[in-house]
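Here is a short briefing on one helix pairing and on salt bridges. Look over the sequence and the model first.

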Amino acid sequence: MTDLRTAAREAWIYTLPLVEVATTRQRGQALGHHMGVFTHVRHLANHKHRAVTTPNNDTLYSTAQVDLAAGPVTITLPPAGERYLSLALMDAYTNNFAILGTRTTGPDGGTFRLVGPAEAAEGWNVIRAPTNHVWALARILVDGPHDLEAAREVQAGLSMQGPPCAAPGPYPPRQAPWPEYFAGAAALLAANPPPVTDLAILRRIAPLGLLDGFDAGRFGESEAVEIEAGVAEARKAVRKGGLGGMDFIEGWSYPSARLGDFDQDYLYRAAVALSGLAALPPAEAMYMRAQAPDGRSLFDGTKAWRLHFPASGHLPVDAFWSLSLYEATEDGQFFFADNPLDRYAIGDRTPGLKANEDGSLDIWIGHDTPGAERESNWLPAPAAPFALFMRAYLPRTELLDGGYRLPPVGAAEG
């Protein structure tokens, strides 16, 4: 039998995604969001948006939390034409079990019926969720300030209809003491039974009794010390991970093929829930994190940096790419930083972006302006450590299979 310390470590890692989704749902409820109804965020994310870690500044978001125990819901996806649109449907464990939109269902929209795991339903447009708790998250491309109203019109066509249902919870957040955390996790597991393919880990964490009515009072003082130690180990292990882990290739980490649909990679799933909650699978979008030349994953904002694309080396994508800059929190999350340009990302759609005469492209990164001639290609940074993430939407085969590698970020030259 697994010792209690190991069981606590594995259980905290296993259940963290459920807790993070529940916390996100509760934040929405506090803002007046209703279950089973899309909330449309009508502006691009900026430094004031702190509800979900690692947001993008490229798309409008629409979000809905669903409890299918109340019955099926009908989702209407609007026609988007050539505009990139995706609607990710995630189970309670943060796995993307279906993505609707540009890549999969095409540009013309449609109507779909989302049903729970025990619901009897048939039809070409039926989508069966693995859990009753579902998070629906749409991303709708905004192709510059001039395009915002048109993007909003598409967004307004996204809707959900279903029976009314009460919001589940509340559940304790990840920062809660272990007795409260595991009590909440046990309730989430009961509401969203794990798949049979997780039986091995469920047996390893059985000493905690999460599936049998968790009772913190049954543990003695010495056992509580072991559980506390296991949770501390879990927190540390999760903070070390991320969207692409910490294995860098030529200055960038690349996502695992399991990103967004994690199978039994529970540590990766937990790390993504902490630092990149709701990340899409690589076929839909690839997220790469830059490494500083000194081997660290955070850059010094007081220094000047450059990302140089050779003329023949721009990102191979069928939608768009953008480089986002974030300040890091102590617990490993990432949010946009305030800056004089109100520019939080830079990419192939940035107004005024200038290529060099030979077709190459330089992006200048740092707290201080690189000068008037370079400001159109400047991504401002705080005078503090920051992280860089590259997003590539609808990546082509050469990016997916590793045939294309991003150039490293280096020190800027005068």
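Is R174 buried or exposed? R174 is buried, at a relative accessible area of 6%. Buried means under 20%, exposed over 50%, and partly exposed in between, with a 1.4 Å probe and protein chains only.

This is a predicted model, in which local features need pLDDT of at least 70, side-chain atom pairs count only at pLDDT 80 or more, and totals for chains, interfaces and linings use all residues. Residues are numbered from 1 along each chain as its sequence is written, and side-chain values use heavy atoms, without hydrogens and water.

**Helix packing**

- Helix α1 spans residues 4-30 and helix α3 residues 178-191. Helices (H or I, at least four residues) and strands (E, at least two) are DSSP runs numbered from the N terminus.
- The two helices pack at about 75°, with axes 9 Å apart. Axes are lines fitted to C-alpha atoms, for helices over the stretch in contact, and angles between N-to-C directions run from 0 to 180 degrees.
- α1 and α3 are therefore roughly perpendicular. The class covers 65 to 115 degrees; under 35 is roughly parallel, over 145 roughly antiparallel, and the rest oblique.
- On the α1 side, the contact (heavy atoms within 4.5 Å) includes W12, Y14 and R25. On the α3 side, Y181, F182, A185, L188 and L189 take part.
- The residues of this contact divide into 13 nonpolar, one polar and one charged. Ala, Val, Leu, Ile, Met, Phe, Trp, Tyr, Cys and Pro count as nonpolar, Asp, Glu, Lys and Arg as charged, and the others, Gly among them, as polar.

**Salt bridges**

- The count is 14 salt bridges. The rule asks for a side-chain nitrogen of Lys or Arg within 4 Å of a carboxyl oxygen of Asp or Glu.
- E20 and R174 pair at 3.1 Å, N to O. E20 lies in α1 and R174 in the loop between β9 (159-161) and α3, so the bridge ties parts 154 residues apart in sequence. E20 is buried too, at 4%.
- R9 bridges to E233, with the closest N and O atoms 2.8 Å apart. R9 sits in α1 and E233 in α5 (residues 221-240), 224 residues apart. R9 is partly exposed at 26%, and E233 is partly exposed at 27%.
- E284 bridges to R103 at 2.5 Å between the closest N and O atoms. E284 is in the loop between α6 (266-275) and β13 (285-290), and R103 in the loop between β5 (96-101) and β6 (110-115), so parts 181 residues apart are tied together.
- E284 is buried at 1%, whereas R103 is partly exposed at 39%.
- Shared partners join R5, R9 and E233 into one salt-bridge network.
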